[in-house]
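The structure is shown below.

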Amino acid sequence: MAPNPHSEVPLRPEPIEAKIIDGKKISEEIKIELREQIKEWMQQENVRAPQLTCILVGEDSASQVYVKNKMKAANDVGIKSETINLPKTISEDELIQIIERLNDDNSVDGILVQLPLPDHIDDKKICNIVSCEKDVDGFNSTNLGRLSQDLNTMVPCTPLGVQELLKKYDIETFGKTAVVVGRSAHVGKPIQSLLQSDGRHEISGMDCTTIMCHRFTPPEKLKKFCREADIIIVAVGKPNLIREDMIKPGACVIDVGITRIYDEETKKSKLVGDVDFENVKKVAGLITPVPGGVGPMTVCMLMKNTFTAAKRLAKLRKEKLIK
Ligand SMILES: Nc1nc2c(c(=O)[nH]1)N[C@@H](CN(C=O)c1ccc(C(=O)N[C@@H](CCC(=O)O)C(=O)O)cc1)CN2
């Protein structure tokens, strides 16, 4: 029988799937580097290990896990850490007094108040009590304001983690269009500031054109903006908000959302992001998974910020500018 001339031609081209951005791997690599840098710095400067203090109010189980992970990461990189556990009934004034004591304690370099806080406590007010120098979350208004002006500052951990992933995966940002979905003060807004930061100023500029979408962006507009985007960053907490028909082929999709849902198939709970991962990865060029994408970077960037705070404070102490 004559050979079929078409037998080697596939019926349709192999589907090309997005490259998966491995935040867990990158965060482990950064932690190894940090461990070395901290060890070297302590030897060279003859200083104590950086010290991080986390404040955990109440018994929210997710917050307990995050704080435990932060303690473990600190230990891994050679940062000393402690958690101050406080009852959910603590008053705002009592919490403020505890933070003020930590601000004045020169054995502490980084202070973090785990969010969310109970409803009777004003989280913005609390974040502003943490001194700028020890604000390793970068949530205080001065640090956030400096970021919006492209000035050197403590950048919030999740936005910093997103920026680090874009850099590690060599994703071009200069002149590209980025859509940020979600306008929260600690994630969406600082991510937008970083993306549109001007390379001619103090912080490393990404020079993107950005579009910010939020709950009142009409769905058809959201789809239109997303389809134009080279980079989409979504931080909303709404599973499957971003679908494959909203993606420009080859775009980079960064999913910051984390929602715990019940999986009918496995009869177990599982974590999902805001992106319909299985379908979007067929169109996107790069994509972060949930879990294992941005989440581990948040913890890792906290270690980086704590080291930065410790170095700055040690320098100020050496120059006798503080006690
Ligand atoms: N003071 C702060 N509070 C909160 C922050 C913050 O940065 N500072 N961010 C979030 C919670 N968060 C850190 O605190 C955080 C969330 C998720 C992860 C993470 O690693 N997620 C994993 C999955 C973890 C799991 O199995 O549950 C992943 O995505 O792979 C780390 C830190 C709100 N509060």
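What radius of gyration would a compact globule of 323 residues have, and what does the chain have? A compact globule would be near 20 Å and the chain has 22 Å, which agrees; the radius is taken over C-alpha atoms, and the globule rule is 2.2 Å times the number of residues to the power 0.38.

The model is predicted: local features need pLDDT of at least 70, side-chain atom pairs count only at pLDDT 80 or more, and totals for chains, interfaces and linings use all residues. Residues are numbered from 1 along each chain as its sequence is written, and side-chain values use heavy atoms, with hydrogens and water left out.

**Overall fold**

Along the principal axes, the C-alpha atoms occupy a box of roughly 90 × 45 × 35 Å. The chain contains 10 helices and 11 strands, taken as DSSP runs (helices H or I, at least four residues; strands E, at least two) numbered from the N terminus. Of the 323 residues, 47% are buried (under 20% relative accessible area; exposed is over 50%, partly exposed in between; 1.4 Å probe, protein chains only). Of the contacts between residues at least 6 apart in sequence, 69% join residues at least 24 apart, a contact being heavy atoms within 4.5 Å.

**Ligand site**

The ligand is surrounded by 16 residues, and the closest are Lys70, Val113, Leu115, Asp137 and Gly292; a residue is near a molecule if one of its heavy atoms lies within 4 Å of it. The shell divides into 9 nonpolar, 4 polar and 3 charged residues, where Ala, Val, Leu, Ile, Met, Phe, Trp, Tyr, Cys and Pro count as nonpolar, Asp, Glu, Lys and Arg as charged, and the others, Gly among them, as polar. Helices H2 (61-77) and H10 (294-318) each supply at least two shell residues, and H10 gives the largest share, 4 residues.

**Threonine 266**

Threonine 266 sits in the loop between strands E9 (259-263) and E10 (268-272). Threonine 266 counts as partly exposed because its relative accessibility is 45%. Its side chain makes a polar contact of 3.2 Å with the side chain of aspartate 263; within protein, one atom must be able to donate a hydrogen and the other to accept it.

Key
Polar contact = N/O pair within 3.5 Å; in protein donor to acceptor, adjacent residues only side chain to side chain.
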